[in-house]
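Dear colleague,

Please find the structure below, together with its sequence. I have written some notes to go with it, and I would be glad if you read them with the model open beside you.

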Amino acid sequence: MMKQIDKTQIFLYFLFLAFLPYCYLSFFANPSSDDFGFAVQAKENDMFHLIKQTYLYWNGRYISNVFIYLNPISYGSFIGYKIIPILIIGLFVSSSYYFIKHLLYNLSKEKQLIIALIFSLIFIHNVPIISEGFYWFTGAVIYQLGIIFTLIYGGIFIKTTRAKSQPYKVIVLSFLLFIVCGFNEVLTLSILLILAIITAVFYKQKLKAKRIVLSQFVLVIIFTTIMLFSPGNEYRESVYENAHNFSHSFLSSLLQTVRFSAIWIASLPLIIATLFYYHLNKKLSEKIEIFSNSFYLNRFVSLLMLFAIIFICVFPAYWATGILGQHRTLNIAYFFFIIMWFINLT
């Protein structure tokens with residue numbers, strides 16, 4: 001028993017050690033592009049005025065629009081700017097553990113922590129663009145912070161639907177959903193798709209808490225509408241000449257879906273994790289109902305979601321601007337891809 005505990009502790013030690021290079025890189029992070037513009041605006045304007053103007057004339061990100069103006073350089077702190085990536089990494093690992101803790105509730109805390117650390121490392125190592133995901137403040141608070149809140153929401157969602165429903169838990173869950181949907185368009189659309197599938201599963205299988213799930217689906221439709229049909233989004237899209245070209249957007253998104261799914265499936269860390277998961281899944285299927293029932297999904301729906309999540313994260317950029325432009329939206333896609341990959345393995 002002592003030897004087993006020692007091995008687990010040693011493994012955990014090396015997993016934590018693997019995060020040090022990513023934390024070290026934060027000391028080389030420096031503000032760039034939008035950081036300066038938002039910092040100047042934050043210094044010269046009232047926060048409420050900025051949030052209102054951004055929503056009306058640039059985008060519908062009603063939550064991340066608050067964070068972008070809280071850049072440390074707005075307060076003259078370049079050291080604070082370099083510390084933010086470490087905080088983001090720490091919050092990502094912590095929220096991953098919180099999610100895994102509620103999903104794999106029958107496992108020991110040590111195993112939950114190991115799985116959370118491996119999940120976090122796979123994401124950080126293979127994320128499409130790590131610089132804009134963790135080391136560029138503006139990109140980090142719009143996309144990575146959204147992922148962090150999504151993990152927290154996912155953990156509370158699992159906890160709420162498993163336990164006896166209590167009104168205050170549903171209120172907290174709904175408030176978190178409102179926050180998650182306010183970060184960026186691709187995250188909101190991904191949550192919309194996932195909650196649509198979950199709602200269908202709950203009603204088809206006649207699972208308890210189906211009304212709570214339905215309420216979340218109705219709310220995500222409302223929050224998606226607030227985000228996508230904001231005056232700012234409409235104004236922003238009018239700036240691009242090639243926007244709203246459906247055939248170009250659809251075909252380009254399909255090609256990018258094939259491209260990124262091939263890259264991610266061929267990734268060595270994911271392949272290694274897949275081999276380990278084969279044995280882990282047997283134990284999970286014996287202890288946790290959702291695993292023994294393969295998440296109540298048939299193979300076709302599960303496989304479709306794996307690729308649909310990438311398409312959903314690519315299409316909005318092509319539709320709104322005519323080009324993909326940057327890969328930070330794919331960070332969201334990769335996050336959900338990893339989760340859907342292991343659901344498909346199940």
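**Helix 7 and helix 18**

Helix 7 passes helix 18 in a right-handed crossing, where a crossing is called left-handed if the near helix is turned anticlockwise from the far one by less than a right angle, and right-handed if clockwise. Please keep in mind that this is a predicted model, in which local features need pLDDT of at least 70 and side-chain atom pairs count only at pLDDT 80 or more, while totals for chains, interfaces and linings use all residues. Residues are numbered from 1 along each chain as its sequence is written, and side-chain values use heavy atoms, with hydrogens and water left out.

Helix 7 covers residues 109-126 and helix 18 covers residues 328-345, and the two pack at an angle of about 145° with their axes 10 Å apart. Helices here are DSSP runs (H or I, at least four residues), numbered from the N terminus, and the axes are lines fitted to C-alpha atoms over the stretch in contact, with angles that run from 0 to 180 degrees between N-to-C directions. On the side of helix 7, Phe119, Ile122, Phe123 and Asn126 meet Asn331, Tyr334, Phe335, Ile338 and Ile339 of helix 18.

Helix 18 also holds leucine 330, which is buried, with a relative accessible area of 0%; buried means under 20% relative accessible area, exposed over 50%, and partly exposed in between (1.4 Å probe, protein chains only). If residues up to four places away in sequence are not counted, leucine 330 touches Pro128, Phe260, Trp264, Ile310, Val314 and Leu324, contact being heavy atoms within 4.5 Å. Leucine 330 and isoleucine 310 are 20 residues apart in sequence, and their C-alpha atoms are 7.3 Å apart in space.

**Salt bridges**

How many salt bridges does the structure hold? There are two, a salt bridge being a side-chain nitrogen of Lys or Arg within 4 Å of a carboxyl oxygen of Asp or Glu. One of them joins the side chains of arginine 328 and glutamate 132, at 2.8 Å from N to O. Arginine 328 lies in helix 18 and glutamate 132 in helix 8 (residues 130-135), so this pair ties together parts that are 196 residues apart in sequence. Arginine 328 is buried at 18% relative accessible area, and glutamate 132 also counts as buried, at 18%.

In the other salt bridge, the side chains of arginine 61 and glutamate 185 meet at 3.0 Å, N to O. This pair links distant parts of the chain, 124 residues apart, with arginine 61 in the loop between helix 4 (47-57) and helix 5 (64-67) and glutamate 185 in helix 11 (residues 185-204). Arginine 61 is buried at 9% relative accessibility, as is glutamate 185 at 12%.

In the loop between helix 16 (289-292) and helix 17 (299-321) we find phenylalanine 295, which has a positive phi of about 60° although it is not a glycine. Tyrosine 296 lies in that loop between helix 16 and helix 17 too, and its phi is near 60°, again a positive value in a residue other than glycine. Phenylalanine 295 counts as buried, at 14% relative accessibility.

Tyrosine 13, in helix 1, is by contrast exposed, with a relative accessible area of 52%.
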